[in-house]
Amino acid sequence: MAAGLWIATKKIDYTWRWNRIPQYFLYHQEDLQTVPFDGRVSRIDKLGDKTIVSVISENGDEKNFEIDTATLQVDVDDELLVGDEVGATLHWRAGPLTLGLWTTLWLSAVASVFGMVIGLVTGLCRVSNNITLKQLSIFYIEVIRGTPLLVQIFIFYFFLGTVFDISRIVAGISALAIFAGAYVAEIIRAGIQSIPKGQMEAARSLGLNVPQAMIHIILPQAFKRTLPPLAGQFISLIKDSSLVSVIAITDLTKSGREVITSTFATFEIWFTVALLYLLLTSVLSQVIAWVERRLAVSD
Amino acid sequence: MIKTIDLKKIFTGRGQTIRAVDGVSTHVESGEVVVIIGPSGSGKSTYLRCLNGLETLTSGHIIVDGIDLSDKKTNLNLVRREVGMVFQQFNLFPHKTVLENIILAQQVVRKRKRDEAEKRARQLLVKVGIAEKENVYPGHLSGGQQQRVAIARALAMDPKVMLFDEPTSALDPEMVGEVLEVMKQLAREGMTMVVVTHEMGFAREVADRVLFMDHGKLVEEGTPEHFFTEPREERAKAFLKQVL
Ligand SMILES: Nc1ncnc2c1ncn2[C@@H]1O[C@H](COP(=O)(O)OP(=O)(O)OP(=O)(O)O)[C@@H](O)[C@H]1O
Ligand SMILES: [Mg+2]
C-alpha cells in the first residue's frame, strides 16, 4: 500500500518541500535597526557575534546600536540618512505550528480538568439516592451524548457566547469540558458500581458517613479501575479539541490550515499536524501508564 | 446493651415480599456472648445488619446502648462507631495496607492523632497475632489473616458491642481455628458479642445464650446446654440433627 501511495503521488506531480516545515516551528526574526537622524558612522566595535555601531549626528549627538555581526551593513565613516539600516538583531520566534500546538495543549488540559470535575460531580449524582439529582444527571448525560460535539460547539459559541457575552476561547473550553464531563460521568458511575457493596458496608459499619466513605474507600479504588477508560477519554478530548478550530480558535488544526494558505505545502503540513497530535496523545498515554504502575502496588 | 422489640424487616422486590426478619424480640446484656444459629435464609444476617443500621427496619425498635435506631432523629453514624462488625467476606480495604486499614476510621471518625492511632493499631495486631504484617496489602494475606485484621479494624474503634456474621464461613478449614481463638479471647475479656455462626463447637463453648432462627422468627432461645441437649421446638431438633 505504501508503494502504491508513493507511485500515486508521483503521478500527480506533487513537489514535496519538507525543508519548508521547520520554519513554521521556529524561525529567526530580524529586527532592523535604523538611524533616527542623518549622520556618520564613527566607530564599529566587533565583539564576536555582537557588534556595536556608533553613529554621530550632524549636531554632535552620538547613538550606539547593538546588532548581530552577520547583519552588519555599514562601514566606518559611511554617511547615513534618516531611516538607513545599520544592521539587525536576530531573535528566535515560535512559529505558528508551535503556537498552535501550545494552544491545543493548554486548551485540552484546562478542558480535561473541568471535564473531570464535572464528570466526578455528575457521576456521584448519578449513583446517589436523590431522585432529582439522579434524573438531572441522566438528562445531562443523554443530551450531551446524543448530540454531535461540533453542534455543541456552535451552540456554545453562537448562542451562549452571544447571550452571556463569553469569548470564543471560553466557549470552546466550556463546550469541550461539558462534552467530556458527560462521558467521564458514565465512566465514574461504572467505576463506583464496580466496587463490591461490602466496601461501603465495611466503611459505614466503622462509623464513616457516606461522603467520608466515598473519599477514603470507594473513589480511590474506583479511580484505579477507571484510569484506563479515563485515559482513553482524555486522549479523545485532545483529538476532539481540533473541532474548536471552527470557531476561529487558533489551535494546532487551525494553525495548520493557516500555514497551508501561505505555503501550499498541504500534504506535508497535514502529516506534520497529525504527527503532533500523535505526539501529545502518546505522551499522555505514557504518563497514565506510569500512574497505573504506581497504583498497582496494592494488587 | 441491645434490645430489639418486635423487629421486622420485609424486602419487597420483583413482585414478591420476603419477611427476612419477622418479629424478633430479644435483648443482649453487657458482656454477654449471644450466638445466633439457624438454616440458610432464615434471616440471621439481616437481623445482625439491622443491629448496626446497615438495613433499615420495616417496623419495631432496636435500642443500642439506650439509643433507639428506629427513631428518625438518631444519627446512625454515632451508633455505628460503637458497634463493630466483622463480615463473612472480610471486606478489608484492598488499596490500604493492614496498618492503614486499622487507623483510617480511628483518624476519620474518632479524630485520633496519627501516632495514637498507629499505637492502638499495633497493640491490636499483636493481640490478633499478625504484628509482622502491618505494611502488607490485604491481597497478600491468607483468609484467616485477613479476618483477624478485620477484627482488629473493628476493635480499633473501641466498640461496646461486636457483631460477627459467619466470620469463618469463607475460610479454609485449617484457618478457622485461628480466627475462633481470637474471638474466644475477646469473649473472655468480657466483650459483648453477637455471633452468627455454623461453628457449633464455638457456640457450645463460648455462648452465654443461643438464639435459633427460622423463617425470620426467633424460634428458640436458651443456654447452650439447654439448646444442644433438650431443645423444645421440632424445627430446632431437626436443624441440630442435620448439623451435629
Ligand atoms: N437485599 C435483599 N433484598 C432482597 N432479599 C433479601 C436481601 N437480603 C436478604 N434477602 C432475603 O432475606 C432472607 C434472609 O436472608 P439472610 O441473608 O438474612 O439469611 P441468613 O440466615 O443470613 O442465611 P445464610 O446462612 O445463607 O447467610 C433470604 O430469603 C434472602 O433471600
Ligand atoms: Mg448470612
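B:Lys160 and B:Glu82 form a salt bridge, with their closest N and O atoms 3.9 Å apart; the term requires a side-chain nitrogen of Lys or Arg within 4 Å of a carboxyl oxygen of Asp or Glu. B:Lys160 sits in the loop between H5 and strand E7 (161-165) of chain B, and B:Glu82 in the loop between H2 and E6 of chain B, so the pair ties together parts that are 78 residues apart in sequence. Helices (H or I, at least four residues) and strands (E, at least two) are DSSP runs, numbered from the N terminus. Over all chains the structure holds 27 salt bridges.

This is a predicted model, in which local features need pLDDT of at least 70 and side-chain atom pairs count only at pLDDT 80 or more, while totals for chains, interfaces and linings use all residues. Residues are numbered from 1 along each chain as its sequence is written, chains are lettered from A and ligands numbered from 1 in the order in which they are written, and side-chain values use heavy atoms, with hydrogens and water left out.

The next topic is the interface. The size of an interface is often given as the accessible area lost when the parts come together. Chain B and chain A bury about 1,900 Å² between them, 61% of it on carbon and sulfur atoms; this buried area is the accessible area (1.4 Å probe) lost on putting the two parts together, summed over both. In contact (heavy atoms within 4.5 Å) are 25 residues of chain B and 19 residues of chain A.

How many salt bridges does the rule find across the interface of chain B and chain A? There is one, and it pairs B:Arg49 with A:Glu201, whose closest N and O atoms are 2.8 Å apart. The rule also finds six residue pairs in polar contact across this interface, both residues at pLDDT 80 or more. A polar contact is a pair of N or O atoms within 3.5 Å; within protein, one must be able to donate a hydrogen and the other to accept it, and residues adjacent in sequence count only if both atoms are side-chain atoms.

On the side of chain B that touches chain A, at least two residues each come from helix H2 (76-80), strand E6 (83-86), helix H3 (98-108) and helix H5 (143-155) of chain B. H3(B) gives the most, with three residues. By class, this side has 14 nonpolar, five polar and six charged residues. Here Ala, Val, Leu, Ile, Met, Phe, Trp, Tyr, Cys and Pro count as nonpolar, Asp, Glu, Lys and Arg as charged, and the others, Gly among them, as polar.

On a 1 Å grid over the protein atoms alone, a cavity is a set of points where a 1.4 Å probe fits but cannot get out, and a pocket is an open set with protein on both sides within 12 Å along at least five of seven lines; lining residues have an atom within 4 Å of a point. Grid points are joined across faces, edges and corners, and a volume is the space filled by probe spheres set on the points.

The largest pocket has a volume of about 830 Å³. Among its 23 lining residues, A:Val127, A:Asn129, A:Met200, A:Val210 and A:Met214 lie nearest its centre. H7(A) supplies the largest share of the lining, six residues.
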